[in-house]
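Please look at the model shown below and follow its chains slowly, a few elements at a time. The paragraphs after it are meant to be read with the structure in view.

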Amino acid sequence: MKTHFAAWHFLLFITIGLLLSACAVDTYKKPVGDLTSAIETSITTVQALDKKITKVRNERWSKGVAEGTILLTTVDNSCAEQESGCTLEIHPRTGPPVLFPAKSVIPKGLVGLTALRAYAANLKAIVDEDTADAVTASTNKALGSLKNIEKAVAEAKGDPPAASVINAYSQPVASLVNWAVGTYVDVVKYHALAKATRDADPVIRKLADYHQTLAQAFTSYESAIAREAFVNAQTAFDKASDEGSLTQAKVNTYVQAAAAYDVVLKASAADPLGAFLAAHTKLKQQLNREGKITLADAFASIEDLKQRAETFKEIMDAFGKAAEQNG
Amino acid sequence: MSTIEEVRKAFKEQLAGIAELDQALAAERKKIKVMAFKAGGGLKPSEIARCKEIAATRLELIEAQKVLALGTIDALEIADDVDDLLKEIGFINDQLEDDLKKLKTIEAYAEKVASFAASAEKLAQKLVELAAKLP
């Protein structure tokens, strides 16, 4: 009776242990996954903006070259026989020379975004790592082998078939090993996440600042384009109105330009990289038990980031389509 | 050369200046239009001229905003601290990859134990077979 009570007590302890360890780091799976997908969405949007702005940049540089305000030359050690290639560069009045035509206006910015993507992916890899499951499989395999050894030894000794000792203890042993490994793995994962977010905080802060300013400069350029179309449509509307020649078509053009401008102004407010910084800060505070940030606060912040990243993408896509339609 | 922070600050300040002026011009245009409409007549020639001036100034501000945006993008690319920042985030990613390797090591140990047990199982079976052959 006493033995049975001890066994039940032991099993209950193991079960509670397993449940506790299983829910600890697993809780972070969805939010860390959301953090990763949100940053991925923002990166895709910034890359699309980079392509657009690079095209504009090349056109402006080309115009500057034609007007004589920018110098176009060949790159050192290029464009001559036996050289490895022929590449051009432009020399603005101020600043260093730049390869022309440029493939991206933000080559370093893209490196930073790739590093940010890798950081989020690394956090996700740690949360998703199925070490405990792999260890469980190996433990079960090892116990299976032990049972067969026991059987083989008994046969060799010519012993009659009896209740297996390994069989009797394999379940609690497996549970104990799995619980211990599960708890240990969770501690390793938790500490890795807490340390990474703590160490990365000042860098993420600067990197988010950098990309936030970059995204703002991009949207500011897009906003200027949309406002230009709006002011021109407004001026045409005014002129027709003053001359008494206002038509439905001119009213429609004015209304459409206002709608396109409205879309871009809303994109600036989405600010996904600012939201990334806020979400990362709260996650770091929660993991490191700083202040009174709860798990719910950190997750809500990540949810906000996810929505903002999607809004930013949707708005910029919508503006791209509206701009195409308006020619 | 400037730091990222200095570029960011300068961009914000200059953009805020452009926005303030643009908003004031948009408000002035609206005021002229509404007052003329409420007075029941069209715009006076001076008001038409002022609206044209407003539109022209707004277009100049738009050009300034484009130059500011492109200049900011360029300045961020060559900011003093951008290379250090990229190195730092690279270092953090390396640390995270090490942590992941640590988790994989635990997995590898368990696999080793399992494979040792499997080898021992084969050895035991061999011994049983040998024992059976003994006279």
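In chain A, helix H2 and helix H7 (residues 272-287) pack at an angle of about 160 degrees, with their axes 10 Å apart; here helices (H or I, at least four residues) and strands (E, at least two) are DSSP runs, numbered from the N terminus, while axes are lines fitted to C-alpha atoms, for helices over the stretch in contact, and angles run from 0 to 180 degrees between N-to-C directions. Because angles under 35 degrees count as roughly parallel, over 145 as roughly antiparallel, 65 to 115 as roughly perpendicular and the rest as oblique, H2(A) and H7(A) are roughly antiparallel to each other. Their crossing is left-handed, a term used if the near helix is turned anticlockwise from the far one by less than a right angle, with right-handed used if it is turned clockwise.

This is a predicted model, in which local features need pLDDT of at least 70 and side-chain atom pairs count only at pLDDT 80 or more, whereas totals for chains, interfaces and linings use all residues. Residues are numbered from 1 along each chain as its sequence is written, and chains are lettered from A and ligands numbered from 1 in the order in which they are written.

Which residues bring H2(A) and H7(A) together? On the side of H2(A) they are A:Leu35, A:Ala38, A:Ile39 and A:Ser42, which meet A:Pro272, A:Leu273, A:Phe276 and A:Ala279 in H7(A), where contact asks that the C-beta atoms of two residues, placed from the backbone, lie within 7 Å. The residues of this contact divide into seven nonpolar, one polar and no charged, given that Ala, Val, Leu, Ile, Met, Phe, Trp, Tyr, Cys and Pro count as nonpolar, Asp, Glu, Lys and Arg as charged, and the others, Gly among them, as polar.

Helix H2 of chain A, which covers residues 29-67, also holds A:Gly64. This glycine counts as partly exposed because it has 16 C-beta neighbours inside 10 Å, a residue being buried with 20 or more other C-beta atoms within 10 Å of its own, exposed with 12 or fewer, and partly exposed in between. Leaving aside neighbours within four places in sequence, A:Gly64 is in contact with A:Thr69 and A:Ile70.

Chain A as a whole has eight helices and three strands, and 36% of its 327 residues count as buried.

In chain B, the axes of helix H1 (residues 4-38) and helix H2 (residues 45-77) come within 10 Å and cross at roughly 165 degrees, so H1(B) and H2(B) are roughly antiparallel to each other.
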